[in-house]
Number of protein chains: 2
Amino acid sequence: MPHIALPPDLPGIVSGFAFRPETAKPMRELAEILLRGPNTLTSAEREMIAALVSSRNDCHFCQASHTAAAAHHQHGDYSVVNAVKHDYESAPISPKLRALLTIAARVQEGGRHVTAADVERARAEGATDREIHDTVLIAASFSMFNRYVDGLATLTPKDDAAYDAMGQRMAREGYVNRNL
Amino acid sequence: MPHIALPPDLPGIVSGFAFRPETAKPMRELAEILLRGPNTLTSAEREMIAALVSSRNDCHFCQASHTAAAAHHQHGDYSVVNAVKHDYESAPISPKLRALLTIAARVQEGGRHVTAADVERARAEGATDREIHDTVLIAASFSMFNRYVDGLATLTPKDDAAYDAMGQRMAREGYVNRNL
């Protein structure tokens with residue numbers, strides 16, 4: 001049961017957004033820019049960063065919905081994002097994304113955990129400063145979104161099909177002009 | 001030295017904001033609403049929540065600047081915010097703020113750490129659902145801001161006077177229409 005009187009029947013972050021539309025607006029905009037805005041990283045790659053961080057924060061709503069969004073940016077194929085969450089070092093992804101996921105995993109633990117060697121590895125694999133910046137900020141922002149969702153104990157659907165539908169809408173329609 | 005080529009001579013989060021103005025905009029707006037927008041919690045109280053979370057995340061730039069902002073919302077008096085960072089249970093603050101700081105400290109550890117008993121205590125001390133919501137979100141957002149600042153290894157001034165001047169501007173002018 002949610003810790004406060006959130007609008008009933010709305011799942012996860014959607015209920016927090018409905019409770020406080022003033023703060024929802026910049027949070028939605030930030031997600032849209034980071035995950036779907038113009039970028040040399042694909043939306044699938046960026047959603048995988050979000051899914052990994054959410055998984056490590058044990059936020060079921062966020063990890064399941066962003067896993068589904070990543071899959072729907074890859075024709076509904078869950079295999080790559082599932083491999084990333086399980087062990088990104090052995091997942092079938094580019095060496096660059098692997099290095100960026102390492103940075104994201106450090107940020108999940110704390111900003112000071114990122115080392116010069118982590119950044120050097122990403123750069124050696126072809127990552128730009130902008131890609132490194134956005135990886136840090138995606139990981140940092142999901143450190144916020146995850147805590148918001150679970151800190152309020154929002155409603156967490158159990159049904160995988162609910163997240164699949166949610167992720168499909170997130171991948172197609174994004175975060176600003178709709179209900180998620 | 002910063003991990004990426006941030007604009008030189010700008011401290012902390014200001015350098016990240018200058019590097020990527022697109023993401024700076026919603027982040028500045030979120031800080032403004034949460035810390036200075038209309039609220040039944042004073043800005044001093046909200047800045048103390050920000051300072052406590054930043055202190056526990058060991059983010060020197062954020063904790064020093066928001067400590068100064070809290071002080072400048074209290075006529076430049078640092079004693080209360082310093083006591084809060086040292087041990088909020090014995091600090092000279094209201095029982096309600098003490099209960100909200102407990103919730104913020106849980107969120108800093110992770111969203112799932114907030115218990116029904118924590119929320120019940122806050123409510124018993126007179127906290128509203130909106131105040132509990134905003135406490136969770138301030139703590140969650142500083143889990144982002146702190147990781148952004150340190151995950152990029154931004155420039156961190158050592159001089160206390162720099163933070164005092166910064167906090168004074170933050171308290172007076174806010175987060176949207178200026179350089180911090």
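Visitor: Which residues have the most contacts inside the largest nonpolar core?
Guide: This is a predicted model. Its largest nonpolar core has 118 residues. In soluble globular proteins, nonpolar side chains tend to be buried together. Those with the most contacts inside this core are Ile103(A), Met144(A), Tyr148(A), Ile103(B), Met144(B) and Tyr148(B).

Visitor: Which residues of chain B does Tyr148(A) touch, leaving aside residues up to four places away in sequence?
Guide: Tyr148(A) has contacts in both chains. In chain A it touches Ile13(A), Gly16(A), Phe17(A) and Met27(A). In chain B it touches His133(B), Val136(B), Leu137(B) and Ala140(B).

Visitor: Where on helix H5 of chain B do the buried residues fall?
Guide: Helix H5 of chain B spans residues 79-87, and its buried residues are Val80(B), Val81(B) and Val84(B). Seen down the axis of H5(B), they fall within an arc of 95 degrees, so they line one face of the helix.

Visitor: How many disulfides does the structure hold?
Guide: A disulfide needs cysteine sulfur atoms within 2.5 Å. The sulfur nearest to that of Cys59(A) belongs to Cys62(A), 3.1 Å away, and Cys59(A) is in no disulfide. Cys62(B) is in no disulfide either, with the sulfur of Cys59(B) 3.1 Å away. Over all chains, the count is 0.

Visitor: Is Cys62(B) buried or exposed?
Guide: Buried means under 20% relative accessible area. Cys62(B) has 3% relative accessibility, so it counts as buried.

Key. Residues are numbered from 1 along each chain as its sequence is written. Chains are lettered from A and ligands numbered from 1 in the order in which they are written. This is a predicted model: local features need pLDDT of at least 70, side-chain atom pairs count only at pLDDT 80 or more; totals for chains, interfaces and linings use all residues. Side-chain values use heavy atoms; hydrogens and water are left out. Buried means under 20% relative accessible area, exposed over 50%, partly exposed in between (1.4 Å probe, protein chains only). Helices (H or I, at least four residues) and strands (E, at least two) are DSSP runs, numbered from the N terminus. The arc is that of the directions from the helix axis to the C-beta atoms. A nonpolar core is a set of buried Ala, Val, Leu, Ile, Met, Phe, Trp, Tyr and Cys residues joined through side-chain atoms within 4.5 Å. Contact means heavy atoms within 4.5 Å.
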